[in-house]
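Thanks for coming. Please have a look at it first.

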Amino acid sequence: MHALNVLLPLSEAAQTAVGAEVLRGLSSRPKSLSPWLFYDAEGSRLFEEITELPEYYVTRAEREIFANYADDIVAATGGGNLRLFELGAGTASKTGLLLQAALRRQDRLVYHAIDISESALVKATERLQRDFPGVTVEPLVADYTDGLGNAGQLLPHRLPDERRLFLYIGSSIGNFEATHALRILRDVRRQLMPGDALLLGTDLVKDRQIMLDAYDDAAGVTAAFNKNVLTRINRELGSNFNLQLFRHRSRWNADLSRIEMHLESLITQIVFIPALDLQVRLARAETIHTENSYKFTDEQVNALLHRAGFEVSRQWKDARGWFGEYLALAV
Ligand code: AVJ
């Protein structure tokens with residue numbers, strides 16, 4: 001994944017991942033854009049800012065769990081020489097707590113960090129190599145969401161004594177509908193042998209207003225994060241979305257147990273996307289659906305992992321019970 005600085009000819013733009021997704025999403029009804037589009041360098045920076053907002057409890061709750069239970073989590077994976085893999089590593093700001101715990105049990109550790117954002121991975125690699133000399137970071141820029149097939153070919157061969165621990169934390173899985181989430185988890189399972197493990201971190205269903213506020217903060221950082229996708233499209237595909245003509249919206253969809261983020265058009269407008277030769281018509285109050293963030297119950301997480309070929313052996317929560325960490329053993 002790399003940003004395009006120049007406009008490509010039409011047919012080529014439509015073939016880039018960004019061009020293809022924008023063409024698909026903005027010519028669909030209802031309109032949508034996949035959340036992976038958020039994570040250009042600016043979007044990755046804004047996401048980091050979100051993780052420190054007072055309303056965004058998600059990152060703090062998970063960090064609390066790791067601060068209290070990292071040793072317990074690592075011990076529960078069983079013996080052997082751990083090799084870590086993380087899907088959606090981002091800047092890996094919480095992962096350090098797990099790496100430290102692993103380093104208390106073994107001298108050296110290889111950590112494969114997989115993410116779609118190159119800028120985030122560069123940061124993660126620099127910081128972790130500096131803070132943890134015992135860790136060898138192997139960064140991999142890849143979209144693991146269409147199958148680890150791609151990334152999987154780049155993953156190393158298994159050593160005879162290694163025990164694999166995949167991390168899929170931060171409720172990244174919450175971006176996907178059940179069938180897609182299941183496909184991702186089955187892909188992970190395919191990289192594992194019985195006895196290996198997956199640590200899955202998911203945000204849990206809680207009071208509606210607490211969830212809504214986390215996606216509509218008072219400082220407007222989440223709004224800027226949401227709108228940044230339009231800035232990215234303007235830059236990479238030459239369009240002229242006017243950010244002032246859109247409003248950030250977050251809503252709780254109780255039937256589907258998810259927070260939705262949308263960009264709502266404030267007026268009827270037509271936006272031209274030159275690189276795709278596409279005119280996008282938006283009615284007043286029409287929205288572009290930019291993200292789902294599913295919220296789970298213990299039962300749902302257990303069922304999902306079971307269907308993917310895992311058995312949950314342990315679980316940990318923060319003191320308020322807002323976030324869950326599930327250790328799933330490959331069976
Ligand atoms: C990175 C998908 C876990 O859903 O909470 C944060 C992304 N979007 N605020 C989430 C996000 C708006 C985040 N995940």
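Is Lys31 buried or exposed? With a relative accessibility of 6%, Lys31 counts as buried. Buried means under 20% relative accessible area, exposed means over 50%, and partly exposed is in between, with a 1.4 Å probe and protein chains only.

Before I go on, a word on where this comes from. This is a predicted model, in which local features need pLDDT of at least 70 and side-chain atom pairs count only at pLDDT 80 or more, while totals for chains, interfaces and linings use all residues. Residues are numbered from 1 along each chain as its sequence is written, and side-chain values use heavy atoms, with hydrogens and water left out.

Back to Lys31. Its partner in a salt bridge is Glu286, and the closest N and O atoms are 2.7 Å apart. A salt bridge here is a side-chain nitrogen of Lys or Arg within 4 Å of a carboxyl oxygen of Asp or Glu. This pair links distant parts of the chain, 255 residues apart: Lys31 is in strand E1 (residues 31-32), and Glu286 is in the loop between strand E10 (278-282) and E11. Helices (H or I, at least four residues) and strands (E, at least two) are DSSP runs, numbered from the N terminus.

How many salt bridges does a search of the whole structure find? The number is 21. Another one joins Glu62 and Lys94, at 2.7 Å from N to O. That pair also links distant parts of the chain, with Glu62 in helix H4 (residues 57-76) and Lys94 in the loop between strand E2 (81-87) and helix H5 (95-103), 32 residues apart. Both Glu62 and Lys94 are buried. There is also a network: salt bridges that share partners join Asp40, Arg232, Arg235 and Glu236.

A local case is Arg24 with Glu21, a salt bridge of 2.8 Å from N to O. These two residues sit in helix H2 (residues 17-26), 3 residues apart, about one turn of the helix. Arg24 is partly exposed at 42% relative accessibility, whereas Glu21 is buried at 10%.

Now the sheet that E1 belongs to. It is an open sheet of 4 strands, in the order E1-E11-E8-E7, with mixed pairing. Two strands pair if DSSP finds at least two bridges between them.

E7 runs antiparallel to strand E8 (residues 258-265), and 8 bridges join them. Among the bridge partners are Asn253 with Arg258, and Arg251 with Glu260. The hairpin of E7 and E8 has 4 residues between the strands, and there Ser257 takes a positive phi near 55°. On to the next pairing: E8 and E11 are antiparallel too, joined by 7 bridges. One of the pairs there is Leu263 with Ile288 in E11.

How enclosed is E8, and what is on its two faces? Of its 8 residues, 8 are buried, so E8 is largely enclosed by the rest of the structure. In a regular strand the side chains alternate between the two faces of the sheet. For E8, one side has Arg258, Glu260, His262 and Glu264, the other has Ile259, Met261, Leu263 and Ser265, and all are buried.

Last, the ligand. Which residues surround the ligand? They are Tyr39, Phe47, Ile50, Tyr56, Gly170, Ser171, Asn175, Tyr215, Phe225, Met261, Glu291 and Ser293, where near means a heavy atom within 4 Å. Helix H3 (41-50) and strand E11 (287-294) each supply at least two residues of this shell.

Taken alone the ligand exposes 350 Å², and the protein buries 96% of that, with areas from the Shrake-Rupley method, a 1.4 Å probe and, for residues, only the protein chains shown as cover.
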